[in-house]
Amino acid sequence: MKSKPSEEISMEERKEEDYENTLKNAVNFRRNFAIISHPDAGKTTLTEKLLLYGGAIQQAGAVKARGEQRKVTSDWMELEKQRGISITSTVLQFLYKDITINLLDTPGHQDFSEDTYRTLAAADNAVMLEDAAKGLEPQTRKLFEVCRLRNIPIFTFINKMDRPGQEPLSLLDEIESELKLLTYAVNWPIGSGDLFRGVIDRSSGEVVLFSRAERGKQSVEQRIKVDDPLLRDLVEKELLDKALEEIELLDAAGSELDLDMIRAGELTPVFFGSAMTNFGVKPFLDSFLNMAQGPVARNASDGPVDPMRNTFTGFVFKLQANMDPRHRDRVAFVRVCSGRFEKDMTVSHARTGKNIRLSRPQKIFAQDRAVVEDAYPGDVIGLNNPGMFAIGDTLYTGKRIEYEGIPCFSPEIFCWLRNPNPSAFKNFRKGVNELREEGAVQILYDIDQSKRDPILAAVGQLQLEVVQHRLENEYSVETRLDPMGYQVARWVSGGWSSLEDVGRIFNCKTVQDSWQRPVLLFKNKWNLSQLEQDHSSLKLSAVAPVVSGVNPITL
Ligand code: G4P
């Protein structure tokens with residue numbers, strides 16, 4: 001805004017300027033990320049240590065006693081009351097050195113579903129957590145692929161260095177060769193397991209010594225220059241020499257630390273540490289905050305939307321039903337993309353064109369809720385959803401925009417959904433259509449219209465259980481699932497005509513999705529690669545192209 005002599009500035013302009021400054025401040029001092037990892041890599045442990053540095057908790061270990069999820073949430077509720085922080089089952093928000101950090105929760109293995117993928121659609125950065133002994137694991141790979149779709153920056157934390165692990169160089173090599181992601185080791189470990197002595201910080205040339213801190217307490221970080229003769233008394237010569245040799249190798253042949261490449265999702269900074277013993281977590285957090293990107297512009301129908309745009313916009317990335325078993329409620333989680341969101345705001349709903357007053361926006365906190373007064377780009381708010389919001393919906397004020405939808409991710413479990421009781425067909429149909437609309441599960445259909453039973457296509461077993469449970473409880477229909485024996489789905493990019501062009505194909509089943517697009521189901525990856533070899537002209541995609549403005553077919 002142009003500066004004018006102060007007497008000429010009207011109230012209106014002053015308000016606008018205030019708004020702009022508040023927004024700028026909020027955007028500059030916000031970072032949002034999700035942790036992608038395989039179960040047991042240490043996500044919960046790392047999360048609690050991060051919260052510890054954020055001053056959210058005093059003693060790590062208070063957060064989670066394994067297998068006591070309920071206890072966790074109630075602990076967090078207490079914490080929120082005590083410290084004024086917001087921890088939700090979807091987002092943990094905490095303040096660290098003036099930066100508001102939103103940690104988006106990606107559910108663990110047992111809960112694995114499309115929600116996990118969709119949460120990544122709301123993330124600006126991802127932390128890839130690996131167990132040093134196991135390296136890349138299946139769930140990490142899958143989640144990484146989703147991050148790659150949007151090229152979001154990935155920060156790698158190699159955990160459990162206090163335990164025997166794989167050679168650090170081979171861990172980097174695995175990331176580079178399998179994920180096609182360049183690496184830059186920010187620090188380098190000296191020894192591992194019982195012989196883990198610490199890490200060498202490559203930028204400062206300091207050794208950070210490892211001491212097994214009392215469980216749950218912050219470890220004291222002792223630093224010593226790598227050329228300090230005293231170091232030789234503290235660390236075995238062979239271990240230090242090996243680490244220094246490896247660093248020389250990285251200096252000579254490895255990638256350089258390039259912020260642009262990190263931001264483009266082409267290079268990952270790698271940190272070695274041990275979440276449980278609280279080693280390397282704080283330096284990781286500091287470096288991460290230096291390099292991570294703030295709330296980024298999102299693609300909408302008419303181009304990217306800057307977070308600094310002066311009107312509120314956001315999109316629904318997750319729906320959750322029955323968060324509170326005492327009330328049959330549903331919550332839509334909205335990622336704020338631009339402008340300031342305020343309680344009681346009236347927003348437009350792009351898909352239906354309706355105006356909605358958001359009088360009870362919430363930060364969902366365990367089983368309890370706190371009303372949100374305002375929120376900024378990178379934040380997540382929860383809205384009561386009496387069936388109005390669907391995944392990917394855009395909310396906005398000001399000029400109409402519509403964000404690009406969230407893609408459907410490749411399902412891996414396929415079952416016929418049977419309704420054994422014909423008199424319940426109406427409810428069955430209603431339930432299936434509504435649950436599909438909500439994004440609880442993907443629905444595919446046989447191309448033979450006479451086979452009317454829908455096919456449930458899920459990325460995780462949990463989704464199937466949820467669908468059956470909800471059909472029974474909310475729509476009063478008992479259903480049966482018949483597994484189909486397929487494991488891989490591919491969308492045919494060129495549509496039906498390209499499928500016709502290749503003629504008869506074998507070892508796969510052709511079905512259609514809710515937008516009548518062809519989808520091929522395979523029993524295994526081998527059958528898929530066979531088809532790809534036989535018909536190289538056929539372009540297949542693991543992710544469904546995003547649709548907007550077209551109504552899906554219903555049951
Ligand atoms: P998750 O959320 O990714 O599933 O993993 P979680 O943090 O629950 O950690 C899985 C196990 O790995 C836990 O052990 C945890 O203590 C351990 N762990 C996490 N970080 C480290 C580390 O840096 N070093 C070592 N040695 N272990 C680590 P558990 O025996 O399953 O549970 P608990 O009895 O310790 O709670």
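Predicted model: local features only at pLDDT ≥ 70, side-chain atom pairs only at ≥ 80, totals over all residues.

User: How is the packing of two helices described in general, and at what angle do helix 2 and helix 10 pack?

Analyst: Two packed helices are described by the angle between their axes and by the distance between those axes. In this structure, helix 2 (residues 43-53) packs with helix 10 (residues 281-291) at an angle of about 75 degrees, and their axes are 10 Å apart. Angles from 65 to 115 degrees count as roughly perpendicular, and helix 2 and helix 10 are therefore roughly perpendicular to each other.

User: Which residues of helix 2 and helix 10 meet?

Analyst: From helix 2 come Leu46, Lys49, Leu50 and Tyr53, and they meet Val281, Lys282 and Leu285 of helix 10. Sorted by class, the residues of this contact between helix 2 and helix 10 are 5 nonpolar, no polar and 2 charged.

User: At what angle do the axes of helix 4 and helix 5 cross, and is their crossing left-handed or right-handed?

Analyst: The axes of helix 4 (residues 114-121) and helix 5 cross at roughly 35 degrees and come within 9 Å, and the crossing of these two helices is right-handed. Helix 4 contributes Thr116, Tyr117 and Leu120 to the contact, while helix 5 contributes Lys142, Leu143, Val146 and Cys147. By class, the contact of helix 4 with helix 5 has 5 nonpolar, 1 polar and 1 charged residues.

User: How do helix 11 and helix 12 cross?

Analyst: For helix 11 (residues 425-438) and helix 12 (residues 461-475), the axes come within 10 Å and cross at roughly 125 degrees, which makes helix 11 oblique to helix 12. Helix 11 passes helix 12 in a right-handed crossing. The contact of helix 11 with helix 12 has 5 nonpolar, 2 polar and 4 charged residues by class.

User: Which residues line the second largest cavity?

Analyst: Its lining is formed by Phe144, Cys147, Arg148, Asn151, Ile152, Ile154 and Gly265. Helix 5 (residues 138-149) supplies the largest share of this lining, with 3 residues. By class, the lining of the second largest cavity has 4 nonpolar, 2 polar and 1 charged residues.

Definitions and conventions
Residues numbered from 1 in each chain as written. Heavy atoms only, no water. Axes fitted to C-alpha atoms, helices over the stretch in contact; angles between N-to-C directions. Helix = DSSP H or I, 4+ residues; strand = E, 2+ residues; numbered from the N terminus. Parallel < 35°, antiparallel > 145°, perpendicular 65-115°, else oblique. Left-handed = near helix turned anticlockwise from the far one by under 90°. Nonpolar A, V, L, I, M, F, W, Y, C, P; charged D, E, K, R; others polar. 1 Å grid on protein atoms, 1.4 Å probe; cavity = no way out; pocket = protein on both sides within 12 Å on 5 of 7 lines; lining within 4 Å. Contact = heavy atoms within 4.5 Å.
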